[in-house]
Each structure stands twice: as C-alpha cells, then as structure tokens.
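Subject: Structure handover

Hello,

Here is the structure I said I would pass on. My notes on it follow below the entry.

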Amino acid sequence: EQQLVSPVASVSKVLDANGGECRIGNVKLSIPAGALSFPTTISADIYVDKLVEPPVAEGQIVLSSVVQLSPPGLRFNIPAWLSFPPNVELKCNSPDSRCQLELKVTDASLQAHSPKWHRALDIDTGKGDVQQLREDVGFNFEKEQIELSQLMTYGWTGNL
C-alpha cells in the first residue's frame, strides 16, 4: 500500500496581475507584475521525506527540503524568481573548495509513486559556473535566485 506524504509546512496566497510574493521558511517566490493574467491561488509546500527526495548520483547527498509550487505547470507571462537556497554556501571561499550542485525538478505529483526527477541546473560553486539544462529554469548567481517560467517541484542535490 502506498504511503501518502504530508508537507511539513504550507502556504497559499491569491495573486493577480499586480504580482506579489509567497513566502514560507527560507523559500520565497517573487512574481512580478504582469506575470499572471488573472487571480490565481499560488501554493508552496515544503517536504522533508525520503519518499519524495530527488534521486542522488554516487557521492551526492540531498542538500535541501523539497519545495512543491502549485498549481503545477502554471506558466508565467514573464519569469518569476524563486529564492530557495541549498543547505550549503553557494559561493565556496576558495577555488579549491568546489561544490557541485544540481537543482532537480519534477512536474509529477509527490503523491505519485517515485516521481520522475530531471536535472535543471548544474552549478560549480568554485568557478561560479551555471549549466542550464532546461529552458524553463535559469539561475542568477548575484541574486542567488532561480528564474522560473512555470511552477514545478524543486530539490537540491550535490557533492561537497
């Protein structure tokens, strides 16, 4: 029998064409004016459960909770910004101390059995390099924010 997973924290807010913010813990979704065409209930749920963590490659660990933004697949007219820091410093102090981070995304429900995760960003913190693997997810190192054109579910993994 499949177990249902419950979020440890949730927030919902109705936002419209004026934009706004949805905050929960250290996660903040900023939706600029004009990104939404009509009033929409935006939700953020935080999960910390092994059943929904993104998969890790050999040598990697999970570096964050999982954040599910809803409604899944909602597309913005102009990109929104997500502040969702991994549980490590993004700017390692020396080029020798390189951290390889991956932002993984899924558009599957976390209640689905083993949701399929995809790598969206690879970040080398020592060099400050970002490799964008999906056109709907970007990253701004200065702001330490993820640029989104649609809502999905997100989790950080990496090797330190």
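**Residue T153**

T153 is found in strand 13, which covers residues 153–159. Strands (E, at least two residues) and helices (H or I, at least four residues) are DSSP runs, numbered from the N terminus. With a relative accessibility of 3%, T153 counts as buried. Buried stands for under 20% relative accessible area, exposed for over 50%, and partly exposed for what lies in between, with a 1.4 Å probe and protein chains only. Leaving aside residues up to four places away in sequence, T153 touches V66, V67, Q68, K104, V105, T106, A108, L110 and W117. A contact here means heavy atoms within 4.5 Å.

Before the rest, a note on the source. This is a predicted model, in which local features need pLDDT of at least 70 and side-chain atom pairs count only at pLDDT 80 or more, while totals for chains, interfaces and linings use all residues. Residues are numbered from 1 along each chain as its sequence is written, and side-chain values use heavy atoms, with hydrogens and water left out.

**The chain as a whole**

The protein chain has zero helices and 13 strands. Its radius of gyration is 16 Å, close to the 15 Å that the globule rule gives for 160 residues, so the chain is as compact as a globular protein of that length. That radius is taken over C-alpha atoms, and the rule is 2.2 Å times the number of residues to the power 0.38. Along its principal axes, the C-alpha trace spans about 50 × 45 × 25 Å.

Of the 160 residues in the chain, 46% are buried. Taking contacts between residues at least 6 apart in sequence, 62% join residues at least 24 apart. The accessible surface of the chain is about 8300 Å², and 48% of this belongs to carbon and sulfur atoms. These areas come from the Shrake-Rupley method with a 1.4 Å probe; for residues, only the protein chains shown count as cover.

**Strand 4 and its partners**

Strand 4 spans residues 40–47, and seven of its eight residues are buried, so the strand is largely enclosed by the rest of the structure. Which strands pair with strand 4? One is strand 1 (residues 9–15), which pairs with strand 4 in the antiparallel sense over seven bridges. Within this pairing, V14 has T41 of strand 4 as its bridge partner. Strand 6 (residues 66–70) also runs antiparallel to strand 4, and five bridges join the two. There, I46 has V67 of strand 6 as its bridge partner. Two strands count as paired if DSSP finds at least two bridges between them. V67 is also among the residues that T153 touches.

**Two glycines**

G138 lies in strand 11 (residues 137–140). Is G138 buried or exposed? Its relative accessible area is 3%, so G138 is buried. Apart from residues up to four places away in sequence, G138 touches L121, Q132, Q145, I146 and E147. From G138 to G126 the separation is 12 residues in sequence and 19 Å in space, C-alpha to C-alpha.

G34 lies in the loop between strand 3 (27–31) and strand 4. G34 has 34% relative accessibility, so it counts as partly exposed. Its contacts, again without residues up to four places away in sequence, are A17, N77 and I78. G34 and S149 are 115 residues apart in sequence and 13 Å apart in space, C-alpha to C-alpha.

Regards
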